[in-house]
Amino acid sequence: MAKLDLTTPVRPLLRPGRAGPSRPRRSARRLVRGLWSFKALCLLPAVAYVILLFGYPAVFSIQLGFYSDNAAQFITHTGVFVGFANYTQLFHDATFISALLHTLIFAVVTVVAQFLFGLLIASLLNKQGLVYAGIRTLLLVPWLLPLIVSGNIWIWMLDNFYGVINYFLVTLHLTSHYVAWLSSPNLSLWAVIGANTWLGIPFNVMIIYAGLRAIPVDLYEAARVDGAGPLTRLTRITLPQLRDVTGVLVLLGIIYSIKLFDVVWVMTKGGPANASQVLGTLEYQDTFELNQYGYGAAIANVMLVLSMIGGIVYVRFTRRGIRNG
Amino acid sequence: MRMHSPGPRRTIGLTLAGVTVSLLAAGCVGAGGGGGSTASSGSSSSKITPAVPKSGQITLTEYDYYTTPGGITAMQDVIKAFEAKYPNVTIKRQEVPYPSVDKLVTLEEAGNTPNIVIEDQDYLDQYYPGLVPLTTFFSNSFINQFLPGGTQSVMLNGNKYGLQIFGGNDTALIYNKTDFAAAGIKAPPKTWDELLADAKKLTVPAKNRYGFEIAGSQAENSTWQLEPFVWSSGGDLSKPTTAAWNQSMSLWNEMVKKGYMPSAVTGWDQTAEENHFEDNNVAMEINGPWNVPLLQSSKLNWGVAPIPVQQSGQTLQVPVGGEGWTIGKSTKTKEAASAAFLQFAAQDRSLNLKAVNSVGYLPSIKSEISGYSARYPAYSVFADEFQHGRARVYGNNYGQVSAAIQLMIGNVLSGKASVSQGLSTLSTTVSHIKK
């Protein structure tokens with residue numbers, strides 16, 4: 001979706017004092033008034049789009065969260081208003097609490113791991129030349145694959161019997177027996193986190209690489225003249241200079257993790273015994289498998305609030321970034 | 001009474017400008033919801049005869065998920081034959097890949113219920129409001145041509161909604177004859193003791209080969225596979241603390257603990273389970289008749305036996321799976337014509353038998369099932385068991401009970417809970433679910 005940015009070119013004209021001092025004030029004011037309505041007209045499609053396709057479903061979901069609806073009640077319009085009952089039930093539901101916890105673990109671990117791997121790979125590839133450009137392109141492949149494909153590849157790699165991961169673990173004598181990666185309640189969450197980290201690394205590499213390119217080379221040269229070692233250069237130049245990039249990656253990563261569904265659904269469906277259940281999969285199961293629409297909507301709304309907190313922080317952060325820049 | 005009355009809709013105006021403030025207000029708009037008429041019992045005296053109008057063109061919509069090549073052909077053949085008999089009727093088929101119930105619920109909510117609905121009976125409690133009870137059109141003698149297990153599976157609130165016209169399915173013990181010969185086992189196990197002993201003999205740790213497997217992933221498949229064990233030893237869904245439950249789960253648990261069954265089954269659905277059987281990782285599995293074509297095209301030397309019972313003499317009770325053919329609410333003419341289509345599809349026996357076989361199911365019509373084993377020997381065990389098939393029903397809330405059972409199975413088999421802990425938690429959960 002293209003971002004409609006009308007503010008930048010129009011702004012000078014909105015300030016009549018600065019716009020054209022030579023023009024008479026009256027016509028300038030008329031022009032401004034005309035521009036306002038023109039601006040509103042231009043915004044209309046975008047506003048309608050947002051209201052219809054984001055506002056309406058969001059409001060409907062919030063409303064549904066206060067109702068008892070299951071599928072049959074939904075069809076016959078016999079759902080009953082239950083106030084906050086769905087939410088009360090939610091926070092007494094051990095499955096929901098554990099899904100919330102899993103989501104948080106998921107968010108923290110993937111974001112940190114993706115950033116560290118991203119930084120490492122981006123630093124290694126931060127060189128000119130065709131070979132490096134080629135490797136950078138190849139790195140994007142995991143990101144370009146449809147998730148259903150990469151998810152299934154991971155299922156095969158992690159399979160107990162014929163998975164390549166178990167094959168190497170046993171051949172290299174790292175374990176004596178096959179590990180049930182996706183079927184063990186102690187491991188399934190970590191197996192999915194691993195797969196998701198792998199999926200997110202290319203994106204991190206690309207963003208961090210762009211950030212690294214933007215750091216002036218003279219900073220490093222000056223530091224080297226002053227006798228700074230590699231570690232000092234990393235902690236005193238690279239990381240501080242990547243601050244904005246890091247912020248964006250962390251916040252986007254957290255938002256993506258909160259709404260996470262696809263990887264978990266493809267790989268474990270939240271099982272075994274809810275061991276890898278996250279908010280997204282739990283919401284899907286309660287809504288579309290147990291047909292508890294009201295209860296499912298309540299989970300969705302909790303996710304919405306969590307994502308919005310992340311979103312607000314993100315917007316604040318980027319705004320500050322722009323101002324600073 | 002049967003006409004779909006729209007009832008007060010929960011309208012959210014398009015005036016969403018002041019989003020946050022209006023949210024709660026919007027929530028209150030729909031509070032007076034109670035209008036829509038739910039399905040009324042059709043068992044009253046006035047029956048409507050299933051019939052196609054004598055004159056005038058009529059178009060019926062039909063909704064199903066028979067998306068396999070065999071299923072598509074079977075459905076198309078029936079529709080073609082019906083249209084040939086009644087040229088003034090056109091049936092518009094809509095095949096929706098499984099799982100298709102969400103789309104059906106959406107269609108019903110919008111007042112666009114298809115005239116003929118063929119949907120997974122497991123979700124009847126979700127989509128029944130758009131349906132007309134069968135007794136509106138059919139006499140009990142017509143309905144009783146079908147096996148009770150199938151008809152009861154498509155029943156809710158005392159109303160019969162559907163018939164398994166293309167048949168249904170169940171589960172049995174599928175075993176590898178080569179492995180049996182190698183382990184010196186002459187006949188498939190009949191009791192749990194034999195099952196356990198055979199599983200032990202068939203387990204070869206050095207070759208990473210296991211004796212037995214089930215589909216234990218957190219989905220309906222795990223409940224569906226546990227049910228024959230629980231039911232055949234006298235257990236019931238409403239009381240999960242009984243001996244039947246404890247013994248069934250102890251059997252499965254022992255299989256894992258002793259290493260006869262891979263602990264990984266907690267992540268396997270029935271497809272993954274079948275793959276491991278066909279790859280010769282496991283020598284015995286519980287699975288359904290839809291695997292017969294796959295097994296026939298594999299290189300395995302395989303056999304099918306009834307699922308072992310706890311003690312010899314007990315009657316095996318397997319759950320019935322499949323989908324009901326149901327009639328969607330519309331005009332009286334269209335409903336009667338839809339009923340005529342159901343009647344036609346069931347009464348043309350040769351067409352019906354061919355359809356059942358090409359879908360890979362077992363016939364639900366009593367007169368067809370008795371001769372089915374002789375006609376299609378590969379399905380004989382499944383067909384014999386199917387005659388005593390039992391419906392998976394728990395009021396309107398089977399889905400919730402099953403979800404709790406699935407969780408219990410996962411917890412026990414993965415060692416997170418003991419059998420008694422798992423069952424006591426399950427019992428607490430089930431006691432809160434309305435039957």
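Good morning. I begin with B:Pro99, which is found in the loop between strand 2 and helix 3 of chain B. Helices (H or I, at least four residues) and strands (E, at least two) are DSSP runs, numbered from the N terminus. The peptide bond that joins B:Tyr98 and B:Pro99 is cis, with omega about 0 degrees.

Two remarks on conventions. This is a predicted model, in which local features need pLDDT of at least 70 and side-chain atom pairs count only at pLDDT 80 or more, while totals for chains, interfaces and linings use all residues. Residues are numbered from 1 along each chain as its sequence is written, and chains are lettered from A and ligands numbered from 1 in the order in which they are written.

Let me turn to the strand that precedes this loop and its partner. Strand 1 (residues 58-64) and strand 2 (residues 89-95) of chain B pair in the parallel sense over seven bridges; strands count as paired if DSSP finds at least two bridges between them. B:Asp64 stands opposite B:Glu95 in strand 2 of chain B. Five of the seven residues of strand 1 of chain B are buried, so the strand is largely enclosed by the rest of the structure. Here a residue is buried if 20 or more other C-beta atoms lie within 10 Å of its own, exposed if 12 or fewer, and partly exposed in between, with C-beta atoms placed from the backbone.

Next, helix 10 of chain B. Its 15 residues, 243-257, should span 21 Å at 1.5 Å a residue, and the end C-alpha atoms are 20 Å apart, which agrees; the expected span is 1.5 Å times one less than the number of residues. Which residues of helix 10 of chain B are buried? They are B:Trp245, B:Ser248, B:Met249, B:Leu251, B:Trp252, B:Met255 and B:Val256. The elements they pack against include helix 8 (192-202), helix 9 (220-232) and helix 17 (398-413) of chain B. After helix 10 of chain B comes B:Gly259, whose phi is positive, near 80 degrees.

In all, 46 residues of chain B are in contact with 36 residues of chain A, contact being C-beta atoms, placed from the backbone, within 7 Å. Helix 17 of chain B gives the most to the side of chain B that touches chain A, with six residues.

Two loops deserve a mention. In chain A, the loop between helix 15 (262-267) and helix 16 (279-289) holds A:Pro272, and the peptide bond from A:Gly271 to A:Pro272 is cis, with omega near -10 degrees. A:Lys269 lies in the loop between helix 15 and helix 16 of chain A, and its phi is positive, near 55 degrees, although the residue is not a glycine. In chain B, B:Asn280 has a positive phi of about 65 degrees and is not a glycine either; with 15 other C-beta atoms within 10 Å, B:Asn280 is partly exposed.

Finally, confidence. The mean pLDDT (the predictor's confidence in each residue, from 0 to 100) of chain A is 86, and 90% of its residues reach 70 or more. Over residues 1-21 of chain A, however, the pLDDT is below 50. Where pLDDT is low, the predicted coordinates should not be read in detail.

Technical notes: Two residues are in contact if their C-beta atoms, placed from the backbone, lie within 7 Å.
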